[in-house]
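Me: Can you walk me through this one? I'd like to start with the ligand.

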Amino acid sequence: MAFFSILRTLCLLALVLVLLKMIMFIMKLRELRRLMPAGPAGWPLLGNILQVGRLQWVQFAKWKEQYGPVFSLNFAGQPVIVLNDFAVVAEFLDRRSSIYSSRPRLIMAAEILLGGLAFPIMPYGDLWRRMRRGAHEGFVGRASIAYQSLQEKESVLLAFHMLRDPHSWDNHLRRSSASTVLCAVYGWSSIDTSRDHIVDRINHIMHRIAQACLPDWMAKWKRDGKAFFETHNAFFEDLLQEVDSKMKEGTYEPCFAANLIEDERKRQGLSDRELAWLAGMMFGAGAETTAASLAVFILAMVLHPSAVKRAQAQIDKVVGRERLPTFADRARLPYIDAIVKEVLRWGPVTPLGVPRQSIQDDRYEDHFIPKGTLVLVNIWAVNRDPEHYPDYADFRPERHLDDSGELVDPTPGIHTQGHLSYGAGRRHVSISNSLSSHLDFLWLNTGARICVGKDVANQALFMDFATLLWAFNIMKAKDENGEPITPSLSDCVDEGLVFRPVPFKCSITPRFGEVGDLVRSATATYVGTNGIASS
Ligand code: HEM
């Protein structure tokens, strides 16, 4: 009897202690929120987690109206700040980049399941710096030009598949983006269905990585533990090994992986395992983002026939109707580059970017921001910053052009991209490409987290947009009564970190009689008449 009464007293004591600890924790959090930038009040333990909803960026934009461009949240004890306009992004991610360039440390997800080798979500540190340098040398500035012939070829193949089966346009965009990045990384010739399982597998890994940004208790798969890492590690190592063997036989195609193997072995910078993951992550980060931006382009063209008309007039003048566009036409097709910028601004496919985490205590105006704060950049809201885009809801490529039709930056002094869809991470001023790329390299010491694939992505989007607009009319589909179907502007599909428009019907038809022959003969010069990759 006495034993049970002691046990009961001990249990009660333990309960009181737990309650006391919880109360102290809640009070500490309250005090912290009081010092941090103002933000919405939340529930006692869960904080604001249940208030954000599916389209978090839209809710964040509403809170911006109430609390200003920087506000704080509490995600079950994790302090968070959200940045919502260009000025605060420049303040935190450019001027204070040495504090705000890291990523949250996700022990179970990033370190155990992904072996600490997933570069896009890796906290700032020596391995990130070495991998970023490898990626930078392979993709940024002048290095991106090496991929232009591959991108021209993939655009022709994309047009070929569109011509054959326009209804499956979304599949063609996905195949084309996957193919472009895989060929750039591993030196393959254009992919066909036999490589689909590889694309599926890398996409599967990237979806897991996207979930890695969730707290451990929200993702059941994290319990799979080390087996996940071992399986996928072997997969990435095999892909790199294939390139290495071809290099030894002298049968390889120049590509990012081959350059990495050659340079890093000389420099002893990255181990074979690290190289294998770096190459795999470039595909993972680049393919779905580009494919989703292509889908936003189709949506924008369907909804804005005047932009299609103006683009096609410029293409007809510069390229004519006897050949397909190439990169040699780019300087004389500023309207197409303006469409690239406007598609990325208007429909950012990573509306909240990739989360950052601060690495030391900081002060902003009168507020305190503790070390370890999660930093979310509301790219969607920044791209609608009314100070730079008064008519932000409209799709208007002209905003990126001056009166003579040449490209200008609608966000002068802040960002040369004209939008924030590639993230941020170093001050962008108007400087030449090579100087910019040199500065990016120096910036590695303080953190240059902006998308490392942005130059390659801009090129791919330019070439695909120019080719599709040269070849096709892209319009609303009609329903059974002959009425045009207007696709939804706001619905989107959540693919982890990437959001794309919900699938919609549209009409993609050749613009003039010779398109079919010209596209078929261009395709044949690349892959031969019998060897055309099928989707
Ligand atoms: C339209 C296409 C693309 C979009 C919208 C996009 C967007 C982004 C964004 C928002 C970030 C986070 C930047 C930050 O934290 O500030 C990022 C990072 C990254 N992107 Fe892209 N991206 C695109 C294409 C590509 C391509 C084609 C590649 C590679 C070939 C690539 C490779 C990466 C990598 C490796 C990172 C991580 C960089 C780091 O953490 O240091 N991306 N991208």
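Me: What lies 2.7 Å from an oxygen atom of the ligand on Arg-449?
Reply: A polar side-chain atom of Arg-449. A polar contact here is a pair of N or O atoms within 3.5 Å; within protein, one must be able to donate a hydrogen and the other to accept it, and residues adjacent in sequence count only if both atoms are side-chain atoms. This is a predicted model: local features need pLDDT of at least 70, side-chain atom pairs count only at pLDDT 80 or more, and totals for chains, interfaces and linings use all residues. Residues are numbered from 1 along each chain as its sequence is written, and side-chain values use heavy atoms, with hydrogens and water left out.

Me: How far is the side chain of Arg-356 from a ligand oxygen?
Reply: An N or O atom of Arg-356 sits 2.7 Å from a ligand oxygen. For Arg-132, a polar side-chain atom is 3.0 Å from an oxygen atom of the ligand.

Me: Which elements give two or more residues to the shell?
Reply: Helix H6 (126-139) and helix H12 (272-303). H12 has the largest share, 6 residues. Helices are DSSP runs (H or I, at least four residues), strands likewise (E, at least two), numbered from the N terminus.

Me: And who comes nearest, of how many?
Reply: Arg-103, Trp-128, Arg-356, Arg-449 and Cys-451, of 27 residues around the ligand. Near means that a heavy atom of the residue lies within 4 Å.

Me: What holds the iron on the protein side?
Reply: The single protein donor is Cys-451 (SG), 2.3 Å from the iron atom. Donors are N, O and S atoms within 2.8 Å of the metal (3.2 Å for Na, K and Ca); water is not among the atoms, so sites may look incomplete. Cys-451 is in the loop between helix H16 (433-442) and helix H17 (454-471).

Me: Switching topic. Is H8 mostly buried or exposed?
Reply: Buried: 16 of its 18 residues are, so H8 is largely enclosed by the rest of the structure. Buried means under 20% relative accessible area, exposed over 50%, partly exposed in between (1.4 Å probe, protein chains only).

Me: What follows H8?
Reply: Gly-187, with a positive phi near 70°.

Me: Now Gln-151. Where is it?
Reply: In helix H7 (residues 148-164). Gln-151 is buried, at 2% relative accessible area.

Me: What does Gln-151 touch?
Reply: Thr-180, Phe-327, Val-456, Gln-459, Ala-460 and Met-463, leaving out residues up to four places away in sequence. Contact means heavy atoms within 4.5 Å.

Me: And the whole chain, how many helices and strands?
Reply: 18 helices and 10 strands. Buried residues make up 55% of the 535 residues.
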